[in-house]
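Subject: Structure for you to look at

Hello,

Here is the structure I said I would pass on. Please open it first, then read the notes below it.

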Amino acid sequence: MDIDLAKKTLIDKNLKLCVVKDGKVIFESKKNGIVPMYELYKANIRGDLSLADRFIGGGALRFILNIGCSSVFSFVMSKDVIDTLEKENLNFEYKKKVDKILNRTGDDLCPVEKLSKENFEFIDFFNKLEKFLIDTHQI
């Protein structure tokens, strides 16, 4: 299964994100945070994807739903993501469930999580995320 290859590649190569389609790894990244999801979206990769990531919160979920993932694996997933993936009938697996994804210092909600909650429409979320990534010199 594609999700097994994505998960194995993520672990074996110590990646942050791995995407498989039709039995082939089509995207991989070692970059931190939401940047790999942003780059995956910008690469216009879509449809019936199996995706393995280290952390999946609301921001990553926005991309997952928008690009057409059929299977998702993550070491850490937020409760809201799990609830949404169940409602969407997507195949998913996680190792640890958390109430929310925190920032890197662990003292507040992740800024991308905040953006995902503040912007209902994907395009609004994407545009504000892109500005945030530029302003914080991540892209």
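**What was found**

Residues 24 or more positions apart account for 37% of the contacts in the protein chain with a separation of 6 or more. Please keep in mind that this is a predicted model.

The protein chain has six helices and five strands. In sequence order they run α-β-β-α-β-α-β-α-β-α-α.

On overall size, the radius of gyration is 14 Å, which agrees with the value near 14 Å for a compact globule of 139 residues. The C-alpha trace spans about 35 × 30 × 30 Å along its principal axes. Of the 139 residues, 45% count as buried. The chain exposes about 7600 Å², and carbon and sulfur atoms supply 50% of that area.

As for charge, there are 23 positive and 22 negative side chains. The centres of these two sets lie 4 Å apart.

Now the aromatic rings. The count comes to 11 aromatic pairs. One of them joins Tyr41 and Phe122, with 5.1 Å between the centres and 55° between the planes, which makes the pair tilted. Tyr41 lies in helix α2 (residues 35–42) and Phe122 in helix α6 (residues 122–135), so the pair ties together parts that are 81 residues apart in sequence.

Are these two residues buried or exposed? Tyr41 is buried, because its relative accessible area of 17% is under the 20% cut-off. Phe122 is buried as well, at 14%.

Both belong to a cluster linked by ring pairs, together with Tyr38, Phe63, Phe125 and Phe126.

Regards

Technical notes:
Residues numbered from 1 in each chain as written. Predicted model: local features only at pLDDT ≥ 70, side-chain atom pairs only at ≥ 80, totals over all residues. Heavy atoms only, no water. Helix = DSSP H or I, 4+ residues; strand = E, 2+ residues; numbered from the N terminus. Rg over C-alpha atoms; globule rule 2.2 N^0.38 Å. Buried < 20%, exposed > 50% of the residue type's maximum accessible area, 1.4 Å probe, protein only. Contact = heavy atoms within 4.5 Å. Areas by Shrake-Rupley, 256 points an atom, 1.4 Å probe, with all protein chains shown as cover. Lys, Arg positive; Asp, Glu negative; His and termini not counted. Charge placed at Lys NZ, Arg CZ, Asp CG, Glu CD. Phe/Tyr/Trp six-rings, centres within 6.5 Å; stacked < 30°, edge-to-face > 60°.
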